[in-house]
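Student: I would like to learn how to read the sheet and the core of a model. Where do we start?

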Amino acid sequence: MQEWPTAWDSHNTQPYEMLEETVIRNTLRLRNYPSLVMWGAGNESGNPFGPAIDMMGKASIELDGTRPFHRGEAWGGSRHNYNCWWEDYHLNHNLNMTADFWGEFGISSLPVKESVLHYLQREAYQWPADKNTNFAHHTPIFGTNRELEKMEQYAGYFMPDSTLDCMIMGTQLAQVVGVRHTLERARTRWPECTGALYYKMNDNYPALSWSCVDYYGGIKPLHYFAKKSFEPVTSVILFDRTNLACQEVSLPYFLLDDASAYEGKKLEVHLSIYNHNMQSVQDTVYTIVPHKQAEQLPDIQLNREQTNSNMLYFKTDVKDTAGNVVARNWYFTNYETKRGVLLESVACTIEYRQEANRLILVNTDRVPAVGVTIEVPGEAATLTLSDNYLWLDPGETKEIEMNTDSPAVVTGWNVKPLIK
């Protein structure tokens, strides 16, 4: 959706001729892009009407005519919601949000470490940070609206507030939870919900922000988790809370097939649940022949004994009749039982070797490897990977393609020092 550069009713005060030239030039420039599905006018304008808005609609018809024109966003059933962050809501809020269409939602997180170091310049890399520092000024509105306190709140659901490394990881995980669950709930509600756009992909300023790719190009965890959530064929679990510890729960479970690629064909959905000791809590296989884009599977039932764990991990695979994994999705819960506990689950050993721009990972242990993370020191701004933040079953091998042949470093949430 291409929105023109107006927001909060600024179309009433911007120079009309300059705005018109911007719209005309860029409509001609963008109209042949196949990824463009809609022209949009004012963002979050309470009254998206008047000569400037009419001009934008007229240009969309006369210079293109192949796409609808959306006079404002949010409008006509679309919603924006940022109660998580600006209103200090718990992450549970985003787990339960619904809309006919999501035009915007998200949660802020710190950039990758190399990017933070870049804009800190010679400032100390430490936490807590002074409110009159480069670090504080590189926040959404330059540290003027409790951004450091909000960052500490959301990072604190996951990590201790002892180091800046903890703050980076904590905010990034909060962003994963605050976005991926809303996306997946929206997909299961098709056709009552017709789409979901999270805010946002990239940045125009290096800062704590809503982006999944930071200003310098560093890719945050959300990008890879959203990729899993958006796979055309995948399976998803709906959670209504982040902490299930010692509770009896029933979790809705869905197979999604947006393009109807497997309509009328048999698929197997494999569910595996592990506790903090990486012991199996539940292991179930469902056979299904999908006929809808969102097929509901039997709810996942867990009793208090099964959920009585500092961490719970859920892995769900979709497999074809040949046993090939079509899609994998995985989840982590109960991390609020203790700050940093998701780095304390029973550890495993994996081995890896690098062949130019190919990285081959093998889990040589008897327990799953969770949160397997690939980095290339010094190249965060340009590094792209075919996948990251992985789940590896015992004995499983995974090949990752990189856009570099520089030496990679592999870590994981429950992974011992790795063997090359």
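Student: In which sense do strand β7 and β10 pair, and over how many bridges?

Tutor: This is a predicted model, in which local features need pLDDT of at least 70 and side-chain atom pairs pLDDT 80 or more, while totals for chains, interfaces and linings use all residues. Residues are numbered from 1 along each chain as its sequence is written, and side-chain values use heavy atoms, without hydrogens and water. Strands are DSSP runs of E with at least two residues, helices runs of H or I with at least four, numbered from the N terminus. Two strands pair if DSSP finds at least two bridges between them. Here β7 (residues 249-257) and β10 are antiparallel, over seven bridges. F254 stands opposite Q296 in β10.

Student: Which strands stand at the edges of the sheet?

Tutor: The open sheet has three strands in the order β6-β7-β10. β6 (233-237) and β10 (294-302) each have a single partner strand, so one side of each lacks a neighbour in the sheet.

Student: How should I read a nonpolar core?

Tutor: Nonpolar side chains tend to be buried together in soluble globular proteins. A core is a set of buried Ala, Val, Leu, Ile, Met, Phe, Trp, Tyr and Cys residues joined through side-chain atoms within 4.5 Å. Buried means under 20% relative accessible area (1.4 Å probe, protein chains only). The largest core here has 107 residues, and F135 and F158 are among those with the most contacts inside it.

Student: Which helix gives the most to this core?

Tutor: Helix α8 (residues 164-188) does, with eleven residues.

Notes: Buried means under 20% relative accessible area, exposed over 50%, partly exposed in between (1.4 Å probe, protein chains only).
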